[in-house]
Every structure is written in structure tokens, then in C-alpha cells.
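Colleague: I'm new to this one. Could you walk me through the ring contacts?
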Amino acid sequence: MIITLLKEKTETYNNKIKEKEEKNNRRLSYDFPTLKNALFDILDPSRIQFKSTPNYLIIHAGTVIAWNTIFKHLADNEQFKFHTFLPKPLKPYSVFIRHFHSSTPVEDIQVCITDKGHEVIQVTNILHRIKKCALSLFRVDLKPAINNRDILNLDSLFHTKIIIELPKKKHAPPQCKSCQSYFRTSNFCHNTLRCVKCGDNHLSSECLKLTSIPAKGALCSGPHTASYKGCPVYKNIEKFSMKE
């Protein structure tokens with residue numbers, strides 16, 4: 001269980017020359033001894049390990065409780081810029097249900113699955129990617145339990161023949177919708193906001209950029225959105241992934 005803390009106040013993306021020039025001028029946005037002592041005051045020191053890299057301080061939490069405690073401590077203080085991932089023991093067991101009518105209330109689906117002996121976290125009706133209309137496809141997140149896989153044996157609910165599938169594995173790396181960086185998600189990202197359209201420090205949904213103005217990539221400053229698969233940053237990630 002890892003929490004990755006940004007060392008510097010500002011992030012440098014694809015400008016290698018600027019990165020070299022600023023390398024010696026970088027300053028910590030927090031005091032490490034103070035942070036370490038604060039964490040040791042609220043946790044058993046044996047549950048925490050630190051690893052320092054040129055750009056990040058990586059905190060290893062030994063237990064889920066330790067991860068929760070560290071996460072809350074960092075999230076409550078705006079000076080810390082960090083990202084992490086939900087520990088595996090806390091990750092929901094997710095499936096997709098096909099062939100329910102799109103108008104079926106998610107509350108009814110949740111009750112029906114609960115009656116089958118599963119603890120449901122949430123049910124979500126999937127929308128069409130472009131048209132944003134409801135599809136005959138629902139995502140169900142279950143609380144981790146030893147009987148999770150039993151849900152795959154269900155073939156009928158609400159007098160409806162259904163198909164229950166596991167999520168398909170994604171080949172492309174996840175991209176955070178908050179900071180636009182790869183290999184992380186917005187659910188557990190507390191880094192500086194970056195707009196996918198203009199690269200400025202605000203939510204993409206709040207961007208006021210006119211369509212007549214070219215986009216600006218948050219990762220490379222190129223004339224495209226940060227999610228563009230032709231971005232040099234994404235191409236480099238793709239190239240290294242193919243080598244592996």
C-alpha cells in the first residue's frame with residue numbers, strides 16, 4: 001500500500017532543459033522531519049517506511065489502517081500534493097450486467113442482488129460515451145467477500161435473462177482526470193489540477209477556453225488535449241510498454 005508524495009512545489013513535465021536548470025533550485029513543499037514525526041505520533045513507526053526519489057517521497061503503509069490514517073493526514077493538509085491507490089483489500093468486486101432495460105431503477109437491482117446474499121456498494125447505469133443516453137448495461141460494485149464470484153452464476157433477475165461479465169482488462173494505462181498524469185486515477189489524486197483542454201490549473205469542466213483557441217497539452221505543452229493518444233508522453237509510455 002503506497003502513497004506517493006510530490007517533493008516539489010511545482011511539477012515539470014516534458015521540458016528536459018528547463019528541468020535540468022531548475023533541478024538545483026527545487027524546494028520541498030513540506031518539512032520531512034516534521035511530517036515523519038507527525039506520522040509517528042499517530043501510527044506505530046513499524047507500520048511506515050519511506051523511500052526518497054529525485055521527484056517523490058514514497059510512503060509504504062504496512063496495513064490498511066495505516067494507509068487510511070496516512071491518507072487522511074495528508075488529505076486534510078492542502079500543502080501536500082500526492083496520489084495513491086485504493087488498497088487491494090478495500091477494492092470492490094465489480095461486474096457488468098447486460099440486458100436489463102435501461103429504465104430499470106438501480107435501487108431495485110441493488111435490492112435484488114442483496115437478496116441473493118451479496119453486499120452491494122453501488123449500482124450504476126452505464127451511459128453511451130457520446131450520446132450520453134442510458135444503455136442496457138449496469139455496473140455493480142460489491143463489497144469484498146468470499147462469495148463474490150457466485151454472482152457470475154446468476155442468469156436471471158427480475159424475470160429478465162441477463163449476462164453478468166467481469167470488466168475487460170484495459171491495455172492503455174489509466175489517466176487521471178484531475179492532474180492528467182498517467183498511471184493514477186482522480187479518485188485518489190491530490191496533486192495540482194490540470195485542465196485537459198488548456199493545461200491550466202483548474203477542473204476541465206470549468207474551462208472557459210474558446211473552441212477557436214488551440215488546445216494545450218498539460219503534459220507536453222503541445223497543440224492538443226492532454227488525453228490525445230498522439231501526445232509524445234503517451235507515445236513514450238506506449239513504446240516502453242511494448243518492450244515489456
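Colleague: How many aromatic pairs are there?
Modeller: The count comes to nine aromatic pairs, where rings of Phe, Tyr and Trp (its six-membered ring) pair if their centres lie within 6.5 Å; planes under 30 degrees apart are stacked, over 60 edge-to-face, and the rest tilted. One of them is Phe32 with Phe50, an edge-to-face pair at 5.2 Å centre to centre with 90° between the planes. This is a predicted model, so local features need pLDDT of at least 70 and side-chain atom pairs pLDDT 80 or more, while totals for chains, interfaces and linings use all residues. Residues are numbered from 1 along each chain as its sequence is written, and side-chain values use heavy atoms, without hydrogens and water.

Colleague: Where do Phe32 and Phe50 sit in the chain?
Modeller: Phe32 is in helix α2 (residues 32–42) and Phe50 in strand β2 (residues 48–52), 18 residues apart. Helices (H or I, at least four residues) and strands (E, at least two) are DSSP runs numbered from the N terminus.

Colleague: And why does Trp67 with Phe188 count as edge-to-face?
Modeller: Their ring centres are 5.9 Å apart and the planes are at 65°, so the pair is edge-to-face. Trp67 belongs to helix α3 (residues 64–75), and Phe188 lies 121 residues away in the loop between β10 (163–165) and α5 (232–243).

Colleague: Which aromatic cluster holds them?
Modeller: Trp67 and Phe188 form one cluster with Phe71 and Phe82.

Colleague: New topic: which ring does the charged end of Lys229 sit over?
Modeller: That of Tyr234, 4.7 Å from its centre. The rule is NZ of Lys or CZ of Arg within 6 Å of the ring centre and within 35 degrees of the ring normal. Likewise, the charged end of Lys239 sits over the ring of Phe240, 5.7 Å from its centre.
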